[in-house]
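Below is a set of questions and answers on one protein chain. Please look at the sequence and the model before reading on.

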Amino acid sequence: MEIVAALFIENINLRQVPGPSTRIDLSGIMFSLAAPQPVPVTLTPHLVVLVRCPADHNGEGTLETSFRDANGKEVARNAQPLQVEPGKFRYSLVRGELTYEDYGTIEAHCRIDAGHTTVVPLTLLPPVED
């Protein structure tokens, strides 16, 4: 299996179209956000990971996500089993509890089993003043 894409999002919606086929509507895709309050702050953003399973694969694996700070230190981890029908796609939501001690970037390192790693950054910016 392989990761097609991984993004931090605010919302996901699925809809059927003729075919039968499915559309995935993602909204609020983000690579940065303003902190809701001064640091330290803990956020729980949603990471969507889109996965493809080749037709000749058994459709089972483990999605591992390691969240790392700017120094490469792991600040959170998530592992979840995947089952994808061979020849199909699926998405998985990963919700990390990320504590930012300072403004900067935490990266989500996603991989299936021992496969290729897809890295997605999320940068915390200072709060917006009113």
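This is a predicted model: local features need pLDDT of at least 70, side-chain atom pairs count only at pLDDT 80 or more; totals for chains, interfaces and linings use all residues.

Q: What percentage of the residues of the chain count as buried?
A: The C-alpha atoms fill a box of roughly 50 × 35 × 15 Å along the principal axes. The chain exposes about 7700 Å², and carbon and sulfur atoms supply 48% of that area. With buried taken as under 20% relative accessible area, the share among the 130 residues is 34%.

Q: Among contacts between residues at least 6 apart in sequence, what percentage join residues at least 24 apart?
A: A contact here means heavy atoms within 4.5 Å. Among the contacts in the chain between residues at least 6 apart, the share joining residues at least 24 apart is 63%.

Q: How far apart do the centres of the positive and negative side chains lie?
A: Lys and Arg count as positive, Asp and Glu as negative. The chain has 10 positive and 16 negative side chains, and the distance between the centres of the two sets is 8 Å.

Q: Which strands are the edge strands of the open sheet of five strands?
A: This sheet has mixed pairing and the order 4-12-11-7-8. An edge strand pairs on one side only, which here applies to strand 4 (32-34) and strand 8 (74-83). The twist from one strand to the next averages 20 degrees.
In this sheet, the edge strands are strand 4 and strand 8.

Q: What is the order of the open sheet of three strands?
A: The pairing in this sheet is antiparallel. Strand 1 (2-9) and strand 9 (89-95) each pair on one side only, as edge strands. The twist averages 20 degrees from one strand to the next. The order is 1-6-9.

Q: Which residue in strand 6 is the bridge partner of Ala 5?
A: Strand 1 pairs with strand 6 (residues 46-52) in the antiparallel sense, over seven bridges. The bridge partner of Ala 5 in strand 6 is Leu 50.

Technical notes:
Residues are numbered from 1 along each chain as its sequence is written. Side-chain values use heavy atoms; hydrogens and water are left out. Two strands pair if DSSP finds at least two bridges between them. Helices (H or I, at least four residues) and strands (E, at least two) are DSSP runs, numbered from the N terminus. Axes are lines fitted to C-alpha atoms, for helices over the stretch in contact, and angles run from 0 to 180 degrees between N-to-C directions. Buried means under 20% relative accessible area, exposed over 50%, partly exposed in between (1.4 Å probe, protein chains only). Accessible areas come from the Shrake-Rupley method with a 1.4 Å probe; for residues, only the protein chains shown count as cover. The place of a charge is taken as NZ of Lys, CZ of Arg, CG of Asp or CD of Glu.
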